[in-house]
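Me: I would like to learn how to read a structure file feature by feature. Can we work through one example together?

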Amino acid sequence: MREIHLNGYIDDAEWFGDEITPESLHEMLYPPGEGAQDDLRIILNSYGGSCNAAVRMFDDLRAYPGNVHIIVSGTAASAATVLATAADRLEMTPGSLWMIHDPSVMAWGNERDLEEAIRLLRACKESILNVYSRRCRKARDEVGAMMRDTTWMDAGAALQDGFIDGIVDMGSGIINAAFCHETSLAEAKAKVAAWMERSRPKRIRNADKQQDAEAEVAPVIAAQQAEPQSLEPQQAEPEREAPTEAQPATPPGVPVAQLQKRLALITPTKR
């Protein structure tokens, strides 16, 4: 049996170096030069991520020809639970945590845009419920309510509600221990929150930074506006153009044409 380790956030692409992507999982499932028919054990620790990526990974695991055994060692939260449910057998170690919640999305725009975001979230939740229903024994509406309330479970609770098939001690096999919170719940929640923060669109983060910067400079601008300001003309008087040789300046007085007419009247005629 081959064994691989998945540790990190689930995403469609690698941005920070700690992501599990559909492409990287596929390469581990089908390494060059090795048989793809071998049974597989996956040791999983993930605080969630992209639901779209998790569904792609779920489908890839379901299509794997060998038997897939997944053991949650640490935390399986949010989208990681979708990936984990693809296992033929799914187990948790006694100190691990399992968390399910409603999908979320950053949305902006007009009324139609926001309504479309709500429809997308509802469709995403229904698809997640379809995945959970493969294994979970609870009613669909009960699981939906657990997602709405953001439910954290230890291995015992996850086993009791049917999300997993067993609790495993890595040294001695399957055990029935329950409610052993060895993994720090506070740390796991912080890791989930970190994903939510860094997955926010860049323009939203930039808008927040700009708002903070404006808040910092506002007192300075207010102080400057309070100081007396000198009154300046709004528009300068246009400068006069200097005369050119082709158009000499006309001196003040009587025009030349009128002087010539007057001279013609007083000049004596020849008889």
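Predicted model: local features only at pLDDT ≥ 70, side-chain atom pairs only at ≥ 80, totals over all residues.

Me: Which elements have the lowest and the highest mean pLDDT?

Reply: Strand E10, residues 173-175, has the lowest mean among the elements, at 51. Strand E7, residues 97-100, has the highest, at 98.

Me: Over which residues does pLDDT stay under 50?

Reply: One such stretch is residues 176-181, where the model has 13 contacts beyond four places in sequence. Another is residues 229-252, for which there are 2 contacts of that kind.

Me: What does the chain consist of, in helices and strands?

Reply: The chain holds 9 helices and 10 strands. Of its 271 residues, 36% count as buried. The accessible surface is about 17,500 Å², and carbon and sulfur atoms account for 52% of that area.

Me: Which residues lie nearest the centre of the largest pocket, and which helices supply its lining?

Reply: The lining has 28 residues, and those nearest the centre are Gly-49, Cys-51, Pro-103, Ser-104 and Val-105. Helices H2 (51-62), H3 (79-84), H4 (111-132) and H7 (185-198) each give at least two residues to the lining of this pocket. H4 contributes the most, with 5 residues. By residue class, the lining of the largest pocket splits into 17 nonpolar, 9 polar and 2 charged.

Me: What is the volume of the second largest pocket, and which residues are closest to its centre?

Reply: Its volume is about 190 Å³. It is lined by 10 residues, with Asp-11, Trp-15, Trp-195, Arg-198 and Ser-199 closest to the centre. The lining of the second largest pocket is made up of 4 nonpolar, 2 polar and 4 charged residues.

Me: Now a single residue. Is Ala-155 buried or exposed?

Reply: Ala-155 has 0% relative accessibility, so it counts as buried. Ala-155 is placed in helix H6, residues 155-160. Apart from neighbours within four places in sequence, Ala-155 contacts Met-92, Thr-93, Pro-94, Ser-96, Ile-164 and Ile-167. As for Thr-93, 62 residues separate it from Ala-155 in sequence, yet the C-alpha to C-alpha distance is 6.8 Å.

Me: Backbone angles next. Which residues other than glycine have a positive phi?

Reply: Ser-78 is one of them, with phi near 55°. Ser-78 sits in the loop between strand E5 (68-77) and H3. Thr-150 also has phi near 55°, and Thr-150 belongs to the loop between helix H5 (140-148) and strand E8 (151-154).

Me: Why does Ser-78 count as buried, and why does Thr-150 count as partly exposed?

Reply: Buried means under 20% relative accessible area. Ser-78 counts as buried because its relative accessibility is 15%. Thr-150 counts as partly exposed because its relative accessibility is 37%.

Definitions and conventions. Residues numbered from 1 in each chain as written. Heavy atoms only, no water. Helix = DSSP H or I, 4+ residues; strand = E, 2+ residues; numbered from the N terminus. Buried < 20%, exposed > 50% of the residue type's maximum accessible area, 1.4 Å probe, protein only. Contact = heavy atoms within 4.5 Å. Areas by Shrake-Rupley, 256 points an atom, 1.4 Å probe, with all protein chains shown as cover. 1 Å grid on protein atoms, 1.4 Å probe; cavity = no way out; pocket = protein on both sides within 12 Å on 5 of 7 lines; lining within 4 Å. Nonpolar A, V, L, I, M, F, W, Y, C, P; charged D, E, K, R; others polar. Points joined across faces, edges and corners; volume = space filled by probe spheres on them. pLDDT = per-residue confidence, 0-100.
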